[in-house]
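Good morning, everyone. I have one structure to go through today, and I will keep to what can be read from it. Please have a look at it first.

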Amino acid sequence: MKIERGEIVIRSLTGRCPNCGEFGMFKTWFRLHKHCTHCEMQLEKEESGFYFGTTSIGYVLAILFIIIPVCILVVKGLLGMWTGISVGIIGSVILCVLLYPFMLCWVIMTYFAVCPLELPKNAQEDPT
Ligand SMILES: [Zn+2]
């Protein structure tokens, strides 16, 4: 393989295209380009596979870093119930919005670290 898993992980988590290593994946904060602007690698696989994965990571992060701490504060009486609910909802939304590009990077990293041969540069290699 031309691009090893370690390289894929580093490139993806720094917001770069896992195939060519250039910054060309993001169209906006919430959207990927359909293809990398440098190497034309396809970034949107099935309809919205990457976005679906992002949502799941968002839930997990919101539960771990917002919902559970807020519940503990409410149970300990340090936060009122309705304040806790408001903080939980608003905090989860803000967390997901702020971390969205990172979550997209994470999903791409996971996908190509598991299937490195999906990268065009790795697939071009002569099997002999
Ligand atoms: Zn690229």
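What spacing do the donors of the zinc ion follow along the chain? The spacing is C-x2-C-x15-C-x2-C. Before I go on, please note that this is a predicted model.

Let me put names to that pattern. The zinc ion is coordinated by the SG atoms of Cys17, Cys20, Cys36 and Cys39, at 2.2 to 2.3 Å. Cys20 sits in the loop between helix H1 (5–13) and helix H2 (49–75), and Cys36 is in the loop between H1 and H2 as well, so this pair ties together parts that are 16 residues apart in sequence. Both Cys20 and Cys36 are buried.

Now the geometry. The angles among the four donor atoms run from 107 to 112 degrees, and the site of the zinc ion is tetrahedral. For comparison, the ideal angle for four tetrahedral donors is 109.5 degrees.

Next, the overall layout. The protein has four helices and zero strands. Read from the N terminus, the order of elements is α-α-α-α.

What about its dimensions? Along the principal axes, the C-alpha atoms fill a box of roughly 65 × 25 × 25 Å. The radius of gyration is 18 Å, whereas a compact globule of 128 residues would have one near 14 Å. Of the 128 residues, 34% are buried. The protein exposes about 7,900 Å², and carbon and sulfur atoms supply 69% of that.

On to the interior. In soluble globular proteins, nonpolar side chains tend to be buried together. Here, the largest nonpolar core has 21 residues, and those touching the most other members are Cys17, Met25, Leu32, Cys36, Met41, Phe112 and Leu119. The elements that give two or more residues to this core are H2 and helix H3 (81–114). H3 gives the most, with six residues.

Is Ser92 buried or exposed? Its relative accessible area is 13%, so Ser92 counts as buried, the cut-off being under 20%. Which residues is Ser92 in contact with, leaving aside neighbours within four places in sequence? They are Ala62, Ile66, Ile67 and Val87.

Finally, contacts across the whole chain. Taking contacts between residues at least 6 apart in sequence, 51% join residues at least 24 apart. That is where I will stop.

Note on methods. Residues are numbered from 1 along each chain as its sequence is written. This is a predicted model: local features need pLDDT of at least 70, side-chain atom pairs count only at pLDDT 80 or more; totals for chains, interfaces and linings use all residues. Side-chain values use heavy atoms; hydrogens and water are left out. Donors are N, O and S atoms within 2.8 Å of the metal (3.2 Å for Na, K and Ca); water is not among the atoms, so sites may look incomplete. Four donors count as tetrahedral if all angles lie between 85 and 135 degrees; four count as square planar and six as octahedral if opposite donors are over 155 degrees apart and all others between 65 and 115; anything else is irregular. Buried means under 20% relative accessible area, exposed over 50%, partly exposed in between (1.4 Å probe, protein chains only). A nonpolar core is a set of buried Ala, Val, Leu, Ile, Met, Phe, Trp, Tyr and Cys residues joined through side-chain atoms within 4.5 Å. The radius of gyration is taken over C-alpha atoms; the globule rule is 2.2 Å times the number of residues to the power 0.38. Contact means heavy atoms within 4.5 Å. Accessible areas come from the Shrake-Rupley method with a 1.4 Å probe; for residues, only the protein chains shown count as cover.
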